[in-house]
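Subject: Structure for you to look at

Hello,

I am passing on the structure we talked about, with the sequence. My notes on what turned up in it follow below.

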Amino acid sequence: MLRGICFDNDHWLHEPAAWYVDTELAGGMKTVRSSLRSGDRSGPRPAGRRPKAPSASRGRKAESDKGSAAATPKSERSRDLILHSAAQLFRRQGFSATTLRQIATRAKIKAGSIYYHFDSKEQILDEVLDRGLRHVFETVKNSVERAGKVSHRRKIGLAIEAHLVALLETSDFTSANIRIYGQLPEQLKKPHRPLRRAYAEYWDQLFIDARRAGEIRADMEVVPLRMFVIGALNWTIEWFRLENRDAVLELARRTETLIFEGVNKP
């Protein structure tokens with residue numbers, strides 16, 4: 001597939017609309033990346049599991065944990081609110097167009113209070129990007145690992161579903177990461193490249209395993225395939241309208257079917 005074609009690849013995970021280049025990801029071959037983002041909310045609870053009834057000791061611990069959460073320092077809560085507000089604004093209007101004053105207004109704090117927690121807008125951005133990517137990566141890995149011994153197609157399907165849930169349903173951080181990464185200057189992107197590369201390589205391995213098992217064509221090159229899939233998933237942020245969780249799961253199912261079965265009439 002697409003043999004001999006060079007891809008512009010620095011946005012394999014983020015930026016739904018753009019494609020760029022990173023020669024490090026394909027063992028010397030120029031490859032593609034599309035954008036990604038992640039947040040900090042946990043993914044859905046695995047189906048079929050019921051929480052254990054709390055014992056007396058665990059009940060006391062739960063009360064203690066609840067009390068501890070309630071006692072979270074105000075400064076920590078304010079910091080988290082600043083990050084969430086920034087992620088929402090970055091996602092909607094971009095990094096450059098967002099000001100610290102706008103972030104403070106959205107967080108309902110005084111503009112000068114931001115400097116108690118962060119030295120600059122760039123420092124806020126750094127944490128937003130990191131949270132976003134870590135959230136989607138962890139959501140995808142956890143979903144695949146919980147599946148146990150299933151087909152490689154099923155693992156890829158679960159990865160597609162988890163990526164979409166993180167992107168569309170659970171995290172402003174993930175959606176912000178995907179939307180703004182391509183807009184950023186090189187010095188702001190560089191710290192996040194190792195984690196982005198790890199996420200790309202995780203997907204590459206899913207496809208390599210499927211190819212070795214004969215579940216996808218032997219002539220299919222993995223890097224362009226991964227870039228195509230993640231690029232398509234990330235582009236949903238531009239057109240998909242979230243109505244309910246079932247809509248996201250149905251989108252994931254249709255995406256898996258399209259990838260594995262194509263558009264040919266059966």
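One aromatic cluster is made up of Phe137, Tyr199, Tyr202, Trp203 and Phe207. Please keep in mind that this is a predicted model. The count of aromatic pairs comes to six. Phe137 and Tyr199 make one of them, an edge-to-face pair with 5.1 Å centre to centre and 70° between the planes. This pair links distant parts of the chain, since Phe137 sits in helix α5 and Tyr199 in helix α9, 62 residues apart. Phe137 has 10% relative accessibility and Tyr199 has 0%, so each falls under the 20% limit and counts as buried.

Another pair is Trp239 with Phe240: the ring centres are 6.0 Å apart and the planes stand at 80°, so this pair is edge-to-face as well. Trp239 is partly exposed, with a relative accessible area of 45%, whereas Phe240 is buried at 12%.

The charged end of Arg196 sits over the ring of Tyr181, 3.6 Å from its centre. Lys121 lies over the face of Phe95, and the distance to the ring centre is 4.2 Å.

Next, the core. Which residues have the most contacts inside the largest nonpolar core? They are Ile160, Leu164, Tyr199, Trp203 and Phe207, in a core of 35 residues. The elements that give two or more residues to this core are α5 (121–147), α6 (152–170), α9 (193–212), α10 (222–239) and α11 (245–261). Of these, α6 gives the most, with nine residues. In soluble globular proteins, nonpolar side chains tend to be buried together.

Leaving out residues up to four places away in sequence, Ile160 touches Trp203, Val229, Leu233, Ala252, Thr255, Glu256 and Ile259.

For the overall picture, the protein has 11 helices and two strands. Starting at the N terminus, the order is β-β-α-α-α-α-α-α-α-α-α-α-α. Of its 266 residues, 45% count as buried. The accessible surface comes to about 14,300 Å², and carbon and sulfur atoms hold 50% of that. Among contacts between residues at least 6 apart in sequence, 69% join residues at least 24 apart.

Last, a word on confidence. The mean pLDDT of the protein is 77, and 73% of the residues reach 70 or more. Over residues 1–12 the pLDDT is below 50, although the model gives this stretch 57 contacts beyond near neighbours in sequence. Residues 14–69 also stay under 50, and for them the model has 180 contacts beyond four places in sequence. Where pLDDT is low, the predicted coordinates should not be read in detail.

Regards

How values were computed. Residues numbered from 1 in each chain as written. Heavy atoms only, no water. Core = buried A, V, L, I, M, F, W, Y, C linked by side-chain atoms within 4.5 Å. Buried < 20%, exposed > 50% of the residue type's maximum accessible area, 1.4 Å probe, protein only. Helix = DSSP H or I, 4+ residues; strand = E, 2+ residues; numbered from the N terminus. Contact = heavy atoms within 4.5 Å. Areas by Shrake-Rupley, 256 points an atom, 1.4 Å probe, with all protein chains shown as cover. Phe/Tyr/Trp six-rings, centres within 6.5 Å; stacked < 30°, edge-to-face > 60°. Lys NZ or Arg CZ within 6 Å of the ring centre and 35° of its normal. pLDDT = per-residue confidence, 0-100.
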